[in-house]
Amino acid sequence: MPVRTPGPSRSDLVADAALALLAERGMRGLTHRAVDEAAGLPQGSTSNLARTRQALLELAVRRLADREARVLALHEMPDPGAGPGPLADALALATHRALTGHRALTLARYELALEATRRPELRAFFDATGARFRDQLAALVDGLGSTDPARHTLSLIAWGDGLMFSCVAGSFGAEVPSLEEVRAGLRELLEGMLGG
């Protein structure tokens, strides 16, 4: 008898459909009914899982954090003892993945981030789910000998977010830098911060 691999849970199916809708239609296109249709579920399924819009947004943010953790490959981040070069390489790979194979996910993140500016309850949830990456990056920067880990972590995240926004939704939307170009930018930034 063949072994059946479990498919995505209903919660993941709904959240993935919500993220796809956010990327495709924006926040206005995210309704319970639209999620049901996009997920191929009977009408009312999304409402049963996430009764309110806030609950649906939180479900999407939670799934976004899980999927981005795989894209960013937190487990691939190097030991700080290896120096800034391996960190620049790992961050470049993660950033380039987001720009190439995961553009829709990155776009959905920006939709949710903007919505969080208008919903304090979503802002707290969004920030808490993003802390996983931020905290790990701060520990790596500290381990590299940063004289100001909090400020340097903010600079790294702002640089990466700025690049991704510019290339996914901004004025460089038609251009995707190569992995080597992303790596060069990160090396310059890290060397400037750490005095390397």
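The buried residues of helix α5 are G85, L87, A88, A90, L91, A92, A94, T95, H96, A98 and L99. Here, buried means under 20% relative accessible area, exposed means over 50%, and partly exposed covers the range in between, computed with a 1.4 Å probe on protein chains only. These buried residues of α5 pack against α4, α6, α7, α8 and α9. Helix α5 has 17 residues and reaches 24 Å from its first C-alpha to its last, close to the 24 Å expected at 1.5 Å a residue. The expected span of a helix is 1.5 Å times one less than its number of residues.

The structure is a predicted model, in which local features need pLDDT of at least 70 and side-chain atom pairs count only at pLDDT 80 or more, while totals for chains, interfaces and linings use all residues. Residues are numbered from 1 along each chain as its sequence is written, and side-chain values use heavy atoms, with hydrogens and water left out.

**The chain as a whole**

The secondary structure of the protein chain comes to nine helices and zero strands. Helices (H or I, at least four residues) and strands (E, at least two) are DSSP runs, numbered from the N terminus. Along the sequence, the chain therefore reads α-α-α-α-α-α-α-α-α. Its C-alpha atoms fill a box of roughly 60 × 50 × 30 Å, taken along the principal axes. Of the 196 residues of the protein chain, 43% count as buried. Among contacts with a separation of 6 or more, 67% are between residues 24 or more positions apart; a contact means heavy atoms within 4.5 Å.

**Helix α6 and its packing on α1**

Helix α6 has 14 residues and reaches 20 Å from its first C-alpha to its last, close to the 20 Å expected at 1.5 Å a residue. Its buried residues are L105, T106, A108, R109, Y110, L112, A113, E115 and A116. They pack against α1, α4, α5 (84-100), α7 (120-143) and α8.

A108 lies in α6, which covers residues 103-116. With a relative accessibility of 0%, A108 counts as buried. Leaving aside residues up to four places away in sequence, A108 touches L19, L22 and A23. The C-alpha atoms of A108 and L87 are separated by 26 Å, although the two residues are 21 residues apart along the chain.

Two packed helices are described by the angle between their axes and the distance between the axes. The axes of α1 (residues 10-25) and α6 come within 8 Å and cross at roughly 85°. That makes α1 roughly perpendicular to α6. Axes are lines fitted to C-alpha atoms, for helices over the stretch in contact, and angles run from 0 to 180 degrees between N-to-C directions. Angles under 35 degrees count as roughly parallel, over 145 as roughly antiparallel, 65 to 115 as roughly perpendicular and the rest as oblique.

In this contact, L19, L22 and A23 of α1 meet A104, L105, L107, A108, E111 and L112 of α6. By class, the contact of α1 with α6 has eight nonpolar, no polar and one charged residues. Ala, Val, Leu, Ile, Met, Phe, Trp, Tyr, Cys and Pro count as nonpolar, Asp, Glu, Lys and Arg as charged, and the others, Gly among them, as polar.

**Salt bridges**

A salt bridge is a side-chain nitrogen of Lys or Arg within 4 Å of a carboxyl oxygen of Asp or Glu. By this rule the count comes to 16 salt bridges. The table lists some of them.

| Pair | Closest N to O distance |
|---|---|
| D16 and R63 | 2.8 Å |
| R183 and E180 | 2.6 Å |

D16 forms a salt bridge with R63. D16 lies in α1 and R63 in helix α4 (residues 53-72), so the pair ties together parts that are 47 residues apart in sequence. R63 is buried, with a relative accessible area of 13%. D12, D16, R63 and R67 are linked in a network of salt bridges.

D161 is partly exposed, at 26% relative accessible area, whereas R109 counts as buried at 13%.

R183 and E180 both lie in helix α9 (residues 179-194), three residues apart, about one turn of the helix. R183 counts as buried at 19% relative accessibility, while E180 is partly exposed at 48%.
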